[in-house]
Amino acid sequence: MRLSSLLVNIARFIFPFMLMFGLYVILYGDVSPGGGFQGGAILASAYITAYIARGERIFEMGSLVLLEKLLYVLIVALALVSVFTKGEAFTSFIPPLEPLNVRRLFLIAMNMLIGFKVALGLTSLFSAFVEQESVDD
């Protein structure tokens, strides 16, 4: 498939801005609109943009799936910590008397784990479609 040079150059130009915006949405998702899922979707869109610009896959499919599974285990492990400390899953285990910046750490950590898991999941899905299409051709 031959892409126009205008599309390729625009994709190369906006790629770093998409990465920065995705990370911003993930990191500030606890105090502003956004969060892990939205930021992860933006990061996956950045990957698709990079694929358009390069015309080749950047990541190996097996390592994407393995890393996504690892992030899933970390999310569940972080949720289980609050089960043991407060008796509820997905609740902050940081004591409420701590300063606000310290209490935000739980949400930031969850947003980061969820954001990267979503990014890897959507990227794996896109890579699977690309791989299947290359097999069919």
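UniProt positions are given here in the numbering of this chain, and such annotations may be inferred rather than shown by experiment. With that in mind, the unreviewed UniProt entry marks residues 9–123 as "domain: Na+/H+ antiporter MnhB subunit-related protein". In the model, which is a predicted one, that stretch is 77% helix and 0% strand. Its end C-alpha atoms sit 21 Å apart.

How far can the prediction be trusted, going by its own scores? The mean pLDDT of the protein is 88, and 99% of the residues reach at least 70. Helix α1 (residues 5–27) is where confidence is highest, at 92, while helix α4 (residues 100–136) is where it is lowest, at a mean of 89.

Turning to overall shape, the C-alpha trace spans about 60 × 30 × 15 Å along its principal axes. The radius of gyration comes out at 18 Å, whereas a compact globule of 137 residues would be near 14 Å. As for burial, 31% of the 137 residues count as buried.

Residues 35–53 are 95% helix with 0% strand, and 27 Å separates the C-alpha atoms at the ends. For residues 105–130, the chain is 100% helix and 0% strand, with end C-alpha atoms 37 Å apart.

Then there is the empty space. Rolling a probe the size of a water molecule over the atoms shows where such space is left. The second largest pocket holds about 260 Å³. It is lined by 16 residues, and those closest to its centre are Leu-43, Phe-59, Ala-119, Leu-120 and Thr-123. Which helices contribute to the lining of this second largest pocket? At least two residues each come from α1, α2 (36–54), α3 (61–86) and α4. Sorted by class, the lining of the second largest pocket has 15 nonpolar residues and one polar residue, with no charged residues.

Note on methods. Residues are numbered from 1 along each chain as its sequence is written. This is a predicted model: local features need pLDDT of at least 70, side-chain atom pairs count only at pLDDT 80 or more; totals for chains, interfaces and linings use all residues. Side-chain values use heavy atoms; hydrogens and water are left out. pLDDT is the predictor's confidence in each residue, from 0 to 100. Helices (H or I, at least four residues) and strands (E, at least two) are DSSP runs, numbered from the N terminus. On a 1 Å grid over the protein atoms alone, a cavity is a set of points where a 1.4 Å probe fits but cannot get out, and a pocket is an open set with protein on both sides within 12 Å along at least five of seven lines; lining residues have an atom within 4 Å of a point. Grid points are joined across faces, edges and corners, and a volume is the space filled by probe spheres set on the points. Ala, Val, Leu, Ile, Met, Phe, Trp, Tyr, Cys and Pro count as nonpolar, Asp, Glu, Lys and Arg as charged, and the others, Gly among them, as polar. The radius of gyration is taken over C-alpha atoms; the globule rule is 2.2 Å times the number of residues to the power 0.38. Buried means under 20% relative accessible area, exposed over 50%, partly exposed in between (1.4 Å probe, protein chains only).
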